[in-house]
Amino acid sequence: MKWMRRLCLGGAFLLIPVNLVHAAEPDRVLLLHSFGPEFSPWHTITPPFREELRKQAPRPVDLYEASLQSERFGESPAPEEGPFIEYLNALVPARDLKLIVAMGAPATRFVLRNRARMFPSSPLLIASSDLRTYEDLTLAANDTACPITFDPAVHIDHILRLLPGTSNIVVAIGASPTERFWTDQLRQSFQRFSGVTFEWFNNLSADDMVKRIEELPPHSAIYYATVRVDARGAPQEGDAILLRFLGLDRAPIFTHVDSHFGEGIVGGPMFSSREIAQRCAEVAVRILGGEPPGKIKIAPVGLAAPVYDWRQLQRWGVDQKLLPPGAEVLFREPSGWERYRWQIALLGALFLVQGGMIVSLLHERDRRLRAEVLARQRMSELAHTNRYSMAGELTASIAHELNQPLAAILTNAETAELLIKSPTLDLKEIREVIEDIRRDDERASEVIRRLRSLLKKAPFELKNLDFNEIVRETIELVSAVAIAREADLLSSTSRGSLPVKGDRIQLQQVILNLIVNALDAMSEMPGTERKVTVSTAATNGFAELWISDTGPGIPPEHLKDVFEPFFSTKAHGMGMGLSIARTLVEAHGGQLTAENQAGGGATLRLRLPLTSNPE
Ligand code: ADP
């Protein structure tokens, strides 16, 4: 049993490493570059090819890369290819090589020429080579291709379509053997363009090319075929010369591969580097998957749908209507609106909100003004009604006031009659009597004028007035009422004048109201104790008026209520007098307050701003 256990353990040891070796065994692939991995257009095809291959391959890929640098110069084939073949054979054991990928025409021709001497049994994939570059060579059953093909004349047609005024086209092409092959192809292909001058760069050094571009006449365009090696044999890795042309910005540049799309070329129908890489990677994956290469036949990759750089179309004044159907325009610079859409929209919204607020504020202001005018109208109507309601109260006063001058007039008229009848006509005395009659008449008219003016329906009007004068006038008007009510009306106005700005009628009305209220308040008091004192003074820039009575005063809890509309403790009171009075005083910028005196009775205090210092 012991030996069996040992056998099992031994077997396990033996099995595990063998399995691991198989699982980790990668597919070895040789990628043979024509000039070097950085030459156009393979510098933009190879990276996505590697990427796709690694992504899609059934097993891990072990990629060997070599470059046929000798193809850059001189004769093709190179006089001695043996050492390079030996090097390749030494690179990877022939039986382990799962696939050779020849990138471009020179590598393709090299492998096909030397098929018997290098990896004869390994499959060959001819990648990104134009069919025309190897059609003279035969493919074996182990070989296949993902070719490309295009008609170079398409590009000249395209240039003339976009820029119909073009009269001079530079054909930038290098001097390597393959490029010489292509120079012949292009020359033949461009023969039909008789109206255009072609400038061929295949015999120029890179510096001479640049010089020539700097001197280009107007209406020129550049067709960059590829310059991998210039006429002096200087390699131009990564389209170095194209980048120099782009830097000069002298004429619109067109290419047949999209390697530098977005870096300054105009665009148009071009090969898509990624599409070529993908198609070739797909074929490579099928071969690695075990499909016989000879059976894989795929259609050549053609020019992709035209794409354009919007900035270049603008730069060279290309009318976008001339672009071929289905054209895609990229790198469009957003318009101001597109770029700042949110900011503009936000600003617009702000303006709208602000506009709305302004409109609503204006509307509100209008409404307020209208309301104020209306309120003022109502107030003056109310004040007028209130004055009328006081008219009855004043009747006694008026009658009394009128009575006096009328009685005096009558007496004087009788005296005058007697004087005229007298035999000694004393003209001097008669004149004095007539003078008295006129004075009394004027007094009577003055009483009527004042009453009339108090009852007049007049608009609110501010004038410079002497507040003391108004107080005195009002006392005169109301004094008869006080006499009728058996009350003493005492006044002590300050010396000089109290200049205020106000409406005479309204201020009289207020004072009248306060005095009548004071008389009302004392109606229950014995006749001897009824006393109303009206005094004025100038204090701290205000004209002040106090009206004090000897009545019961205002119950403290009602001190505020007395100014409320319709508050009245009188049997027939309307309760509007003080409310109107306060509104009128406030319209004059003043204040009206009520308080009780320590010794009994109420005091109503009125303050109006003085317009200047009292005299
Ligand atoms: P009305 O005279 O129609 O009642 P007012 O607004 O003029 O309306 O006065 C409101 C109330 O204020 C009066 O009813 C009264 O109770 C009180 N009042 C006003 N003046 C005095 C005063 N001098 N003494 C006591 N109470 C007063």
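User: Where does Pro-41 lie?

Analyst: Pro-41 lies in the loop that runs between β1 (27-33) and α2. These names follow DSSP runs, numbered from the N terminus: helices are H or I with at least four residues, strands are E with at least two. Residues are numbered from 1 along each chain as its sequence is written, and side-chain values use heavy atoms, without hydrogens and water. Keep in mind that this is a predicted model, where local features need pLDDT of at least 70 and side-chain atom pairs count only at pLDDT 80 or more, while totals for chains, interfaces and linings use all residues.

User: How do I read the backbone angles, and what is the peptide bond from Ser-40 to Pro-41 like, cis or trans?

Analyst: Most residues other than glycine have a negative phi, and most peptide bonds are trans. Here, the bond from Ser-40 to Pro-41 is cis, and its omega is near -5 degrees. His-219 is not a glycine, yet its phi is positive, about 60 degrees. You will find His-219 in the loop between α7 (206-214) and β8 (220-226).

User: Now the strands, please! How does β16 pair with β17, parallel or antiparallel?

Analyst: Two strands pair if DSSP finds at least two bridges between them. β16 and β17 (residues 542-549) run antiparallel and are joined by eight bridges; Thr-533 stands opposite Ser-548 in β17. Their hairpin has two residues between the strands, and Asn-540 there takes a positive phi near 45 degrees. With β14 (residues 488-492), β16 (residues 531-539) runs parallel, through five bridges. On that side, Ser-491 has Val-534 of β16 as its bridge partner.

User: How many salt bridges are there?

Analyst: The rule asks for a side-chain nitrogen of Lys or Arg within 4 Å of a carboxyl oxygen of Asp or Glu. By this rule the count is 33. In one of them, Glu-65 meets Arg-50 at 2.6 Å, N to O. This pair links distant parts of the chain, 15 residues apart: Glu-65 belongs to strand β2 (residues 61-67) and Arg-50 to helix α2.

User: And how do I judge where two domains meet?

Analyst: The size of an interface is often given as the accessible area lost when the parts come together. The protein divides into domain 1 (24-148), domain 2 (153-270 + 303-330) and domain 3 (460-615), with bounds from an automatic or database domain assignment. Between domain 1 and domain 2 about 1500 Å² is buried, and carbon and sulfur atoms give 63% of it; buried area is found with a 1.4 Å probe and summed over both parts. On the side of domain 1 that touches domain 2, α2 (42-56) and α4 (105-113) are the elements that give two or more residues. The largest share, three residues, comes from α2.

Key:
Buried area = accessible area lost by both parts, 1.4 Å probe.
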